[in-house]
Amino acid sequence: LPLLLEATLLQLVSGFHRPFYNGFYYNHIMNDKGNGQETVDYFNGAKLVVETPKDPVYSSNGANVTLPCRYYYEPDLEAKPKIRIKWSKLRDDYTKDQDVLVAIGKTYVAFGDFQGRAHLHQASRREASLVVSDVRLQDDGKYRCEVIDGLEDESNVVELRLQGIVFPYQPPLGQYKLNFHEAERVCQEQGAILATFNQLFQAWSEGLDWCNAGWLADGTVQYPIRLPRKKCGGLHLAPGIRSYGPRHRHLHRFDAFCFSSGLRGEVFFLDHPAGMTLEEAKQSCQNAEAEIARVGQLYSAWKFLGLDRCDAGWLADGSVRYPIVKPRANCGPAEPGIRSFGFPSKGRFGVFCYKER
């Protein structure tokens with residue numbers, strides 16, 4: 001990039017201030033002659049409008065997705081060639097937005113985890129859509145599309161939602177042993193991330209009922225209740241999400257609500273007539289050119305691939321579980337779900353393995 005253009009792009013990252021509004025709109029255009037002078041166009045009378053979808057855009061882990069954004073003027077006005085576009089991701093805890101991409105014309109720079117994965121889609125006039133390839137769990141959330149034409153700066157927000165599943169998680173040490181940072185880590189170890197409130201609410205609306213409080217991505221502690229009961233907030237409260245509000249991220253300890261999305265591979269079951277120890281189970285998966293499955297992978301395979309197996313198997317965290325889509329005799333409760341034997345220190349079981357496609 002030319003030094004001037006690169007400097008301009010980097011300046012965009014720090015944000016722009018809205019001009020004083022007095023009923024007119026101004027265009028402030030860089031002079032391409034390189035003599036340091038600027039051209040100011042007063043009172044063009046046109047309002048810049050940025051449009052994004054009101055409904056969320058849905059995708060899944062590993063897919064490619066386009067976040068639509070377009071801009072226009074009221075009344076119509078020919079756009080300047082140096083329109084600047086900035087995409088940023090809003091954070092759940094309302095701290096500074098995460099920079100995704102900035103562009104001038106056909107030249108753009110992507111930032112952080114979006115490098116090599118984000119670019120503009122400008123197939124039509126005045127389009128500023130963002131394309132994200134190889135979607136990751138962390139990409140879920142709200143994005144701001146910002147268009148800057150001189151001194152005018154307008155933006156709108158579009159939400160990306162990953163199709164996924166929320167599951168509660170306790171470590172082998174038992175209930176309420178995780179501070180916020182430990183909760184983040186154990187979810188990542190299980191092929192997942194800490195769930196957002198919107199993801200937990202969606203899971204609750206689909207039937208999740210869990211009486212143990214867990215961390216969410218914004219640092220709050222909450223839990224979903226479908227059937228009110230005495231030990232879960234009281235019989236007098238309506239069904240809903242119970243909240244402890246923000247907690248101290250180092251001192252307070254709870255469980256975790258993790259979020260996992262679609263898989264890029266498959267989960268399969270291996271057995272042995274005499275069963276296997278945990279170490280033998282790990283080796284069996286390696287012999288099959290796979291790895292022992294994580295909890296999040298088992299939940300995803302159950303929800304999205306219909307994995308149904310009435311045989312208990314080891315998972316990577318040392319727990320023993322099995323997935324049931326069609327409840328039947330001798331396979332646990334009458335509802336579909338992931339059955340858990342906890343973290344047995346002894347015993348011989350089968351194993352669930354995961355293999356990338």
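This is a predicted model: local features need pLDDT of at least 70, side-chain atom pairs count only at pLDDT 80 or more; totals for chains, interfaces and linings use all residues.
Figure 1. Most residues other than glycine have a negative phi. Tyr176 is not a glycine, yet its phi is positive, at about 55°. The ring of Tyr176 also belongs to a cluster linked by ring pairs, together with Phe180, Trp215, Tyr223, Tyr244 and Phe254.

**Figure 2. The aromatic pair of Phe180 and Trp215.** The count of aromatic pairs comes to 14. One of them is formed by Phe180 and Trp215. A pair of aromatic rings is described by the distance of the centres and the angle of the planes. For Phe180 and Trp215 the centres are 5.6 Å apart and the planes stand at 75°, an edge-to-face arrangement. The two residues are 35 residues apart in the chain, and the pair links distant parts of it. Phe180 is in helix α2 (residues 180–189), and Trp215 is in strand β16 (residues 214–215). Phe180 has a relative accessible area of 2% and is therefore buried, the cut-off being under 20%. Trp215 is buried too, at 0% relative accessibility.

**Figure 3. The rings of Phe341 and Phe349.** The ring centres of Phe341 and Phe349 lie 6.2 Å apart, and the planes make an angle of 65°, so this pair is edge-to-face. Phe341 is partly exposed at 47% relative accessibility. Phe349, with a relative accessible area of 18%, counts as buried.

**Figure 4. Two charged side chains over rings.** The charged end of Arg249 is placed over the ring of Phe180, 4.3 Å from the ring centre. In the other example, the charged end of Lys303 sits over the ring of Phe304, at 5.9 Å from its centre.

**Figure 5. Helix α5 and the largest nonpolar core.** The largest nonpolar core holds 86 residues. Those touching the most other members are Leu67, Trp87, Leu130, Tyr143, Val267 and Phe352. Helix α5 (residues 295–304) gives the most to this core, with five residues. Eight of the ten residues of α5 are buried, so the helix is largely enclosed by the rest of the structure. The buried ones are Val295, Gly296, Gln297, Leu298, Tyr299, Ser300, Ala301 and Trp302. After α5 comes Gly306, which has a positive phi near 70°.

**Figure 6. Ser300 and its contacts.** Ser300 is part of helix α5. Its relative accessibility is 1%, so Ser300 counts as buried. Apart from neighbours within four places in sequence, the contacts of Ser300 are Ile165, Ser260, Ser261, Leu263 and Leu305.

**Figure 7. An open sheet of three strands.** The strand order in this sheet is β5-β11-β10, and the pairing is antiparallel. β5 (65–67) and β10 (118–121) are the edge strands, each with a single partner, so one side of each has no neighbour in the sheet. Neighbouring strands are turned against each other by 30° on average, direction ignored. Three bridges join β5 to strand β11 (residues 129–132) in the antiparallel sense. Leu67 stands opposite Leu130 of β11. Both leucines are named among the core residues that touch the most other members.

Figure 8. Most peptide bonds are trans. The bond between Glu74 and Pro75 is cis, with omega at about -10°. Pro75 is found in the loop between β6 (70–74) and β7 (84–89).

Figure 9. Glu289 is exposed, at 63% relative accessibility. The loop containing Glu289 lies between α4 (278–287) and β21 (291–292). Glu289 has a positive phi of about 60°, although it is not a glycine.

**Figure 10. The chain as the setting for the close-ups.** The chain has five helices and 25 strands. Of its 357 residues, 45% are buried. Among contacts between residues at least 6 apart in sequence, 60% join residues at least 24 apart.

Terms used
Residues are numbered from 1 along each chain as its sequence is written. Side-chain values use heavy atoms; hydrogens and water are left out. A nonpolar core is a set of buried Ala, Val, Leu, Ile, Met, Phe, Trp, Tyr and Cys residues joined through side-chain atoms within 4.5 Å. Buried means under 20% relative accessible area, exposed over 50%, partly exposed in between (1.4 Å probe, protein chains only). Helices (H or I, at least four residues) and strands (E, at least two) are DSSP runs, numbered from the N terminus. Two strands pair if DSSP finds at least two bridges between them. Axes are lines fitted to C-alpha atoms, for helices over the stretch in contact, and angles run from 0 to 180 degrees between N-to-C directions. Contact means heavy atoms within 4.5 Å. Rings of Phe, Tyr and Trp (its six-membered ring) pair if their centres lie within 6.5 Å; planes under 30 degrees apart count as stacked, over 60 as edge-to-face and the rest as tilted. A charge sits over a ring if NZ of Lys or CZ of Arg is within 6 Å of the ring centre and within 35 degrees of the ring normal.
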